[in-house]
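Subject: Handover of a structure and its findings

Dear colleague,

Please find the structure below, together with its sequence. I would ask you to keep it open while you read the notes that follow.

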Amino acid sequence: MSKKLKVGIIGCGGIANGKHMPAIAKIKEAEMVAFCDIIIERAEEAAKKFGAEGAKVYEDYKELLKDESIDVIHVCTPNRSHSFITIDSLEAGKNVMCEKPMAKTYAEAKAMCEAAERTGKKLTIGYQQRWRNDSIYLKEACDNGDLGEIYYAKAIALRRRAVPTWGVFLNEYEQGGGPLIDIGTHALDLTLYMMNNYKPKMVVGKTFKKLGDQTRSANAWGDWDPEKYTVEDSAFGFIVMENGAVISLESSWALNISDPDEAVCTLCGTKAGADFEGGDSHELQFNYVKYGRQVIEKPDFSAGGVAFYDGDGTPEPSDIECRIWYNAILNDTEVETKPEQALVVTQILEAIYESEKTGQPVFF
């Protein structure tokens, strides 16, 4: 392809700098030509670091969208604005990758799906945990039927003391919630993806804000400001699917737990089970019975085996996600992380928050 895809970045904060822009920079068929942020200095800095020659800078994303040469938009703003920026971008004829979660509410996320269908443009959501080596391997095992019928699962995103103290993470209005919508969303997406089950029947949930008012917190990123802490510090949900399968969802930024683990799942099927041991090392293991004996099997991920990358070393999941996304645009194929899947994640998360408010289960 002689013409490079022209990319606009809306929101030049932490997730754009830490994930999206470094990944796009490795895509030789794309170039970042426009940067927007309500803090103009952040957009200017991003343009200097990642922009193509002559890259433009904006404070108002609607002005950026008037540039008809832009092919792709990455939405990297707080959760509150995901839906309307994505919809406006699709209506402007752009393909859109929106950072997770899809939106604060199911209604907003549904409107995003409808806009993508209406405009015929591609929409995907940034769930890069799908593209870890162990996740790719587990997905193949699930799709091959190695676990049989998966009828019980746990979606786990538990931190002991790792509350993000920057940006608007503690702001319920901007984000829609705390650890549930921030990291619980990754664990739930991963679990539903492995099960290939997107039909929830009922959800009951409970959230807690028990530690947010404390000081001398031993937090990984320094003490938070209790005055600004307006979200939960842990949240839990129990999800019953239409086919009878159940999922337990556990999420926290701050919880008195000695063995935290994040963005992992446990799957229990009729033929075998799978889980991730070892905390941050994400050591995938399978358990099953063979020749009348219990067996534990641990794959070796020390080299190779991932599409687009060869040899030793582990590529960043965000790089793989980005490559897959741009392949879908370049080849005009279906996106891998489908908006309809992310819609169900948002639907369930919203139901957990709703169940907390009402004290009742939420039925779909």
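How many bridges join β7 to strand β10, and do these strands run parallel or antiparallel? Seven bridges join β7 to β10 (residues 246-252), and the two run parallel. Helices (H or I, at least four residues) and strands (E, at least two) are DSSP runs, numbered from the N terminus, and two strands pair if DSSP finds at least two bridges between them.

Before I continue, two remarks on the source are needed. This is a predicted model, in which local features need pLDDT of at least 70 and side-chain atom pairs count only at pLDDT 80 or more, while totals for chains, interfaces and linings use all residues. Residues are numbered from 1 along each chain as its sequence is written, and side-chain values use heavy atoms, with hydrogens and water left out.

The nine-stranded sheet

Strands β7 and β10 belong to an open sheet of nine strands with mixed pairing, in the order β14-β13-β12-β11-β7-β10-β9-β8-β15. Its edge strands, each pairing on one side only, are β14 (293-297) and β15 (362-363). Strand β8 (residues 200-208) runs antiparallel to β15, with two bridges between them, and Val203 has Val362 in β15 as its bridge partner.

Helices on this sheet

Helix α10 packs on the sheet, where it touches β8, β9 (234-241), β10 and β15, and its direction makes about 55 degrees with that of β8. Angles run from 0 to 180 degrees between N-to-C directions, and axes are lines fitted to C-alpha atoms, for helices over the stretch in contact. Of the 20 residues of α10, 14 are buried (under 20% relative accessible area with a 1.4 Å probe, protein chains only; exposed means over 50%, and partly exposed lies in between). Why does the length of α10 (residues 339-358) agree with expectation? At 1.5 Å a residue its 20 residues should span 28 Å, and its end C-alpha atoms are 28 Å apart; the expected span is 1.5 Å times one less than the number of residues. Just after α10, Gly359 takes a positive phi of about 75 degrees.

Helix α6 lies across β7, β11, β12 (273-277), β13 (283-290) and β14, and runs at about 30 degrees to β13. Helix α6 (residues 133-143) also packs with α8 (residues 179-195), at an angle of about 35 degrees and with the axes 8 Å apart. In this contact (heavy atoms within 4.5 Å), Ser135, Leu138, Lys139 and Cys142 of α6 meet Leu190, Tyr193 and Met194 of α8.

The six-stranded sheet

An open sheet of six strands, with parallel pairing, has the order β3-β2-β1-β4-β5-β6. Its edge strands are β3 (51-58) and β6 (123-126), and its neighbouring strands are turned by 20 degrees against each other on average, direction ignored. Strand β2 (residues 30-36) pairs with β3 over four bridges, and Phe35 has Val57 in β3 as its bridge partner.

Cysteines

The structure holds zero disulfides (pairs of cysteine sulfur atoms within 2.5 Å). The closest cysteine sulfur to that of Cys36 is in Cys12, 7.1 Å away and therefore too far for a bond. For Cys322 the closest is in Cys76, at 10 Å, also too far for a bond.

Yours sincerely
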